[in-house]
Amino acid sequence: TWSVEGLAEKLVEQVRSQIPREDKAIVAVSGGVDSTTAAVIAKRALGDRAVVVFINHGLLREGEAEEVLSALKSLGLNPIYIDASDRFLRALKGVTDPEQKRLVVGKVFAEVFKEVATSDSSIRWLVQGTTYPDVIESGAEAGADRIKSHHNVGGLPRDLGLRVIEPLRYLYKDEVRRLALSLGIPESIAMRHPFPGPGLAVRVIGEVTEEKLRIARRASMIVEEELRRAGLYNSVWQAFAVVGDDKWVGVKGDRRAFGYIVTVRVVESEDGMTADWARLPYDLLQRIASRITSEVPEVVMVTYAVTTKPPSTIEPV
Ligand code: XMP
């Protein structure tokens, strides 16, 4: 069995030796385990020459921006925080096509990121938390099919003349989690479920509106909360709620209600490449469903997604 302790030292040393002493590196963090681990490694290797940036695209989960900021601060990462929510939501207005959404989010992200990266001419490197499955899934390996264009900084590094360093490139998720814990990253981040770069934009089907975002956010919070309460959060890969434009007639307090349908998706997976739906206890599903319909007034029906990947994918968009 390999030692993560030794691995951390090795990766820090690699980053340190690759980057000349007069250069800085920019690290975009999302608060997920991959980018946070990459940032901690960069910080240890480079100290103040690591410029950590956290961009809020307004597509985060309930309370997530605050949580991430305080976690990053407690790790000594002191990120530059940019709240670009309005910019992203404006750009997404009227966009319904899945790939188009990813493109728009990627494009705005690139613009914001570029503004930071060009503000300091000694920034010549970009540290990314790319892991082995990302390398495969995004079609970077020869012959691989592209299923979804995963949002990351894409062609931007070349565009900006930045050289990319990916310290986690050969690691699987469970290895990154162990590495993260060995680096002192709190369990709340190390064991966090993966969250897609385009955030709730890919968990809202059809146009991203304030109303649908609010529904996806509140319903997802209930799903995560109930899983934690049941002690099942760490044993599933992802757990969330999705909303589209379909509606269902209901009765709420003796009155007819025509409300949204929310789909709950909870999956087990090793690396996100294939997935199985989690066989949750019926009473847990019942609690989730009744909390969502009572705490999210716009929702009348809750469904549970029971299709594996393949033929489905994990995220709806
Ligand atoms: P799918 O939906 O393709 O997702 O079965 C597989 C895994 O990848 C995550 N995912 C993304 N991650 N940017 C990301 O960083 C993306 O655009 C993206 N799309 C999907 C998804 O959450 C799942 O774990």
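Trainee: Which residue in β8 stands opposite E268?

Mentor: D276 stands opposite E268. This is a predicted model.

Trainee: What makes β7 and β8 paired strands?

Mentor: Pairing needs at least two bridges. β7 and strand β8 (residues 276–277) are joined by 2, and they run antiparallel. So the pair meets the cut-off.

Trainee: How do you know that β6 and β7 pair?

Mentor: Set the value against the cut-off of at least two bridges. Strand β6 (residues 238–252) and strand β7 (residues 255–268) share 12 bridges, so they pair. They run antiparallel.

Trainee: What lies between β6 and β7 in the hairpin?

Mentor: A turn with 2 residues between the strands. G253 sits in that turn, with a positive phi of about 55°.

Trainee: Parallel or antiparallel: how does β7 run with β9?

Mentor: Parallel. 5 bridges join β7 to strand β9 (residues 299–304). In that pairing, V262 stands opposite V302.

Trainee: Why are β3 and β5 said to stand at the edges of their sheet?

Mentor: Start with the strand order, β3-β2-β1-β4-β5, in an open sheet with parallel pairing. β3 (80–83) and β5 (163–165) each have a single partner strand, so one side of each has no neighbour in the sheet. From one strand to the next, the twist averages 30°.

Trainee: What makes β4 and β5 a pair?

Mentor: Strand β4 (residues 123–127) and β5 share 3 bridges in the parallel sense. The cut-off is at least two, so they pair. V127 stands opposite I165 in β5.

Trainee: Which helix packs on the sheet?

Mentor: Helix α5 (residues 98–117). Helix α5 touches β1 (24–29), β2 (50–56), β3 and β4. Its direction makes about 150° with that of β2.

Trainee: Where are the domains?

Mentor: Domain 1 spans 4–190, and domain 2 spans 203–304. Each gives 10 residues to the contact. On the domain 1 side, 4 are nonpolar, 2 polar and 4 charged. The C-alpha centres of the two domains lie 28 Å apart.

Trainee: What pLDDT does the chain average?

Mentor: The average is 94, and 94% of the residues score at least 70. For the complex, the predictor gives an ipTM of 0.98 and a pTM of 0.92.

Technical notes:
Residues are numbered from 1 along each chain as its sequence is written. This is a predicted model: local features need pLDDT of at least 70, side-chain atom pairs count only at pLDDT 80 or more; totals for chains, interfaces and linings use all residues. Domain bounds come from an automatic or database domain assignment. Two residues are in contact if their C-beta atoms, placed from the backbone, lie within 7 Å. Ala, Val, Leu, Ile, Met, Phe, Trp, Tyr, Cys and Pro count as nonpolar, Asp, Glu, Lys and Arg as charged, and the others, Gly among them, as polar. pLDDT is the predictor's confidence in each residue, from 0 to 100. Helices (H or I, at least four residues) and strands (E, at least two) are DSSP runs, numbered from the N terminus. Axes are lines fitted to C-alpha atoms, for helices over the stretch in contact, and angles run from 0 to 180 degrees between N-to-C directions.
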